[in-house]
Amino acid sequence: MLTAPADLTVYVATQPVDFRKGADGLALLAKETLGHDPMKGVAVVFRAKRADRVKIVVWDGSGLVMYWKRLDSGGFKWPPIVAGVMRMNAAQLSALLAGMDWTRMHAPRSSQPKALA
């Protein structure tokens with residue numbers, strides 16, 4: 001099980017990629033095509049043509065890590081296939097990897113604290 005730190009910046013490539021690519025190929029694709037370098041501490045999520053597989057590449061401080069998961073049944077909830085990337089937070093990433101509908105997760109709205117009397 002992958003547990004992402006709460007402050008991890010996560011980008012999702014919205015178009016499917018060739019899943020024969022390894023960690024280095026996906027990192028290069030993220031840097032050159034999407035403009036987000038996993039070697040700089042961001043996680044980049046890639047989807048396959050079939051919605052049941054995901055790959056994530058991220059630099060963990062000592063090396064490039066690739067996380068790969070395939071669901072046994074059903075598929076991951078993906079954003080619409082368009083050019084570019086979208087951003088998600090660590091909680092949404094955890095929900096995605098659990099096979100849940102991460103689009104229903106939103107950060108609570110915080111209000112300004114009231115002045116102390």
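The model is predicted, and local features need pLDDT of at least 70, side-chain atom pairs count only at pLDDT 80 or more, while totals for chains, interfaces and linings use all residues. Residues are numbered from 1 along each chain as its sequence is written, and side-chain values use heavy atoms, with hydrogens and water left out.

The side chain of Asp18 meets that of Arg20 in a salt bridge, 3.0 Å from N to O. The term salt bridge refers to a side-chain nitrogen of Lys or Arg within 4 Å of a carboxyl oxygen of Asp or Glu. Arg20 counts as exposed because its relative accessibility is 75%. In general, side chains of opposite charge can pair when their charged atoms come close. A search of the whole structure turns up three salt bridges, so let us visit the others.

In one of them, the side chains of Arg53 and Asp52 meet at 3.6 Å, N to O. Both Arg53 and Asp52 are buried; for Asp52 the relative accessibility is 16%. You will find Asp52 in the loop between β2 (43-47) and β3 (53-59), where strands (E, at least two residues) and helices (H or I, at least four) are DSSP runs numbered from the N terminus. Leaving aside residues up to four places away in sequence, Asp52 touches Lys69, Arg70, Leu71, Gly74, Gly75 and Phe76, a contact being heavy atoms within 4.5 Å.

Arg70, one of those contacts of Asp52, has a salt bridge with Asp72, at 4.0 Å from N to O. Arg70 is partly exposed, with a relative accessible area of 46%, whereas Asp72 counts as exposed at 75% relative accessibility.

Now step back to the sheet. Five strands form an open sheet with mixed pairing, in the order β4-β3-β2-β1-β5; two strands pair if DSSP finds at least two bridges between them. At the edges stand β4 (64-70) and β5 (85-88), each with a single partner strand, so one side of each has no neighbour in the sheet. From one strand to the next, the twist averages 25°. The pairing of β3 and β4 is antiparallel and runs over seven bridges, and within it Val54 has Lys69 of β4 as its bridge partner.

Helix α1 (residues 23-34) packs on this sheet, touching β1, β2, β3, β4 and β5, and its direction makes about 100° with that of β2. Axes here are lines fitted to C-alpha atoms, for helices over the stretch in contact, and angles run from 0 to 180 degrees between N-to-C directions. Helix α2 (residues 90-97) also lies across β1, β2, β3, β4 and β5, at about 105° to β5.

Which residues touch the most other members of the largest nonpolar core? They are Val45, Leu93 and Leu96, out of 19 residues. A nonpolar core is a set of buried Ala, Val, Leu, Ile, Met, Phe, Trp, Tyr and Cys residues joined through side-chain atoms within 4.5 Å. To this core β1, β2, β3 and α2 each supply at least two residues, and the largest share, five residues, comes from α2. Leu96 has contacts including Val45, Phe76 and Trp102. A second, separate core has twelve residues, among them Phe19, Ala23, Leu26 and Ala30.

Definitions and conventions
Buried means under 20% relative accessible area, exposed over 50%, partly exposed in between (1.4 Å probe, protein chains only).
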